[in-house]
Amino acid sequence: MNQIGFRRWITALCLLVAGVGPGSAAGFTIQKAELFQHEDFTYALDATVEYRFSDVAIDALRNGVPLTLIYRLKIQRVRTFWWDPTVFETSWHWVLRFHPLARVYQWTAVEAGSTRNFASLPTLLATIGNIRNLPITADRLEASATYHAALSVALDIESLPLPLRLLAYLSPQWHLSSPWFRWSFAS
């Protein structure tokens with residue numbers, strides 16, 4: 001390799017690691033979230049999430065790499081003089097896949113064991129971005145108490161295939177997550 005080719009290779013590697021490029025505006029945003037109580041004293045989550053995957057992640061998905069999203073929900077009881085103890089914490093996993101032969105996108109809710117197929121990626125993202133009536137088994141919530149809740153979503157780099165995982169750790173285009181969305185509610 002000559003010196004000019006080596007410099008181009010080093011420059012391309014630096015830009016990849018720095019995250020410069022068309023996929024650098026990627027990330028997830030939770031626009032709205034709320035917990036509401038059903039008549040049988042169980043809770044359900046409604047949330048609206050905007051997913052902006054990087055070009056690298058979309059390319060990997062279209063080439064058969066499954067992408068796993070991890071959602072985390074924390075609920076803390078509000079107290080006046082002490083710290084707010086966490087009374088409920090859960091996470092759930094959703095796996096996105098593309099089947100090239102069938103030309104079908106697939107969404108699997110791992111904990112629920114359900115799978116749905118979609119004809120296009122925008123339809124899939126619109127569907128999973130509109131979370132409605134997701135059951136939450138928060139049985140330790142006391143009546144007439146005030147709580148703080150927080151919700152986040154992130155791409156799980158640990159679930160990527162091993163050869164891709166190292167690259168994902170080095171490239172910010174794979175570090176896709178939302179900031180914690182926080183709100184208060186009363187039971």
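Ring pairs join Tyr71, Trp92, Trp94 and Trp107 into a cluster. Rings of Phe, Tyr and Trp (its six-membered ring) pair if their centres lie within 6.5 Å. The count by this rule is 10 aromatic pairs. This is a predicted model: local features need pLDDT of at least 70, side-chain atom pairs count only at pLDDT 80 or more, and totals for chains, interfaces and linings use all residues. Residues are numbered from 1 along each chain as its sequence is written, and side-chain values use heavy atoms, with hydrogens and water left out.

**Aromatic pairs**

- Planes under 30 degrees apart count as stacked, over 60 as edge-to-face and the rest as tilted.
- The ring centres of Phe98 and Tyr105 are 4.5 Å apart and the planes stand at 40 degrees, so this pair is tilted.
- Phe98 and Tyr105 are both buried (under 20% relative accessible area; exposed is over 50%, partly exposed in between, with a 1.4 Å probe and protein chains only).
- Tyr147 and Phe185 have ring centres 5.6 Å apart and planes at 25 degrees, so this pair is stacked.
- Tyr147 counts as buried at 0% relative accessibility.
- Phe185 is buried too, with a relative accessible area of 10%.

- Helices (H or I, at least four residues) and strands (E, at least two) are DSSP runs, numbered from the N terminus.
- Two strands pair if DSSP finds at least two bridges between them.
- An open sheet of 6 strands runs in the order E6-E5-E4-E3-E8-E9, with antiparallel pairing.
- Its edge strands are E6 (114-118) and E9 (181-186), each pairing on one side only.
- Neighbouring strands here are turned by 20 degrees against each other on average, direction ignored.
- E4 (residues 86-99) and E5 (residues 104-109) pair in the antiparallel sense over 6 bridges.
- Tyr105 in E5 is the bridge partner of Phe98.
- Helix H2 (residues 55-62) lies across E3 (67-77), E4 and E5, at about 60 degrees to E4.
- Axes are lines fitted to C-alpha atoms, for helices over the stretch in contact (heavy atoms within 4.5 Å); angles run from 0 to 180 degrees between N-to-C directions.

**Three-strand sheet**

- A further open sheet has 3 strands in the order E1-E2-E7, paired antiparallel.
- E1 (27-37) and E7 (130-136) stand at its edges with a single partner strand each, so one side of each has no neighbour in the sheet.
- Neighbouring strands of this sheet are turned by 25 degrees against each other on average, direction ignored.
- E1 and E2 (residues 43-52) pair in the antiparallel sense over 10 bridges.
- Phe28 has Tyr51 in E2 as its bridge partner.
- Helix H3 (residues 121-128) packs on the sheet and touches E2 and E7, its direction making about 45 degrees with that of E7.

**Largest pocket**

- The largest pocket has a volume of about 390 Å³.
- A pocket is an open set of points on a 1 Å grid over the protein atoms alone, where a 1.4 Å probe fits, with protein on both sides within 12 Å along at least five of seven lines.
- Lining residues have an atom within 4 Å of a point.
- Of the 23 lining residues, Trp92, Trp94, Ala112, Leu134 and Pro135 are the closest to the pocket centre.
- E4, E5, E6, H3 and E7 each give two or more residues to the lining.
- E7 gives the most, with 7 residues.

Technical notes:
Points joined across faces, edges and corners; volume = space filled by probe spheres on them.
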